[in-house]
Amino acid sequence: MVAGQLKSTCFLLKGGQIFGRQAYVGLTEADWGTLTFGRNYNQIYDVASAYDPVFKSDIMSPLGLSGTLGGGGGITENTRIDNSIKYKKNFGPLNVGALYKIGNANGSAPGNGYALNVGYEKDGFGVQAVYEAFKNVGSLGIKNGQAKVTVYDTDAFLIAAKQKIND
């Protein structure tokens, strides 16, 4: 059975953007996995959130407020990926994922890139590896009434592991 879903975790005009968190449409099916299109969290954010030793308590997390240090591979602009296609699938204890960001010529979501992950989780033990590469990532800063635009390429790699210790 194929199930479709439309999800938005924040429907607010925030910083000129109508969706401040995720906004995607997708399909999921047990044998084929999950495929989503839209504004997705990248795999580094997913893994950093799941493996955070203080359960993603944001301000108290060693990974930074809202996972920004780990969430975007070191920069917040890569935490949520506009114009992206994301795929996830579990094969028993193994999991794989891929994300592709389609560049946008009109400047509303500049850059392109991808993220890949593979992991293993069973009986309280888990290990995940993620690699991402994005080109022409843009950030905008305003200080003293002047705008500053920075465009750069990013590469990031994350390996995370966890072991649940039973009480």
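**Entry 1: charges over rings**

I began with Lys89, which lies over the face of Phe91, 4.9 Å from the ring centre. I then looked up Lys162 and found this residue over the face of Tyr51, at 4.6 Å from the ring centre. I note that I am working on a predicted model.

**Entry 2: aromatic pairs**

I turned to ring pairs. A pair of aromatic rings is described by the distance of the centres and the angle of the planes. I counted three aromatic pairs in the structure. For Tyr41 and Tyr45 I read 4.1 Å between ring centres and 25 degrees between planes, so I logged the pair as stacked. Tyr41 has 11% relative accessibility, so I counted Tyr41 as buried. Tyr45 comes to 6%, so Tyr45 is buried.

I also looked up Tyr120 and Phe125. Their ring centres are 6.5 Å apart and their planes stand at 50 degrees, so this pair is tilted. Tyr120 is partly exposed, with 30% relative accessibility. Phe125 is partly exposed at 36%.

**Entry 3: second largest pocket**

I looked up the volume of the second largest pocket: about 200 Å³. The lining of this pocket has 14 residues. Nearest its centre I found Asp46, Lys88, Asn95, Asn117 and Gln128. I sorted the lining residues into four nonpolar, six polar and four charged.

Which elements each supply at least two residues of the lining? I listed helix 1 (43-51), strand 6 (80-91), strand 7 (94-101) and strand 8 (112-122). Helix 1 gives the most, with five residues.

Note on methods:
Residues are numbered from 1 along each chain as its sequence is written. This is a predicted model: local features need pLDDT of at least 70, side-chain atom pairs count only at pLDDT 80 or more; totals for chains, interfaces and linings use all residues. Side-chain values use heavy atoms; hydrogens and water are left out. Rings of Phe, Tyr and Trp (its six-membered ring) pair if their centres lie within 6.5 Å; planes under 30 degrees apart count as stacked, over 60 as edge-to-face and the rest as tilted. Buried means under 20% relative accessible area, exposed over 50%, partly exposed in between (1.4 Å probe, protein chains only). A charge sits over a ring if NZ of Lys or CZ of Arg is within 6 Å of the ring centre and within 35 degrees of the ring normal. On a 1 Å grid over the protein atoms alone, a cavity is a set of points where a 1.4 Å probe fits but cannot get out, and a pocket is an open set with protein on both sides within 12 Å along at least five of seven lines; lining residues have an atom within 4 Å of a point. Grid points are joined across faces, edges and corners, and a volume is the space filled by probe spheres set on the points. Helices (H or I, at least four residues) and strands (E, at least two) are DSSP runs, numbered from the N terminus. Ala, Val, Leu, Ile, Met, Phe, Trp, Tyr, Cys and Pro count as nonpolar, Asp, Glu, Lys and Arg as charged, and the others, Gly among them, as polar.
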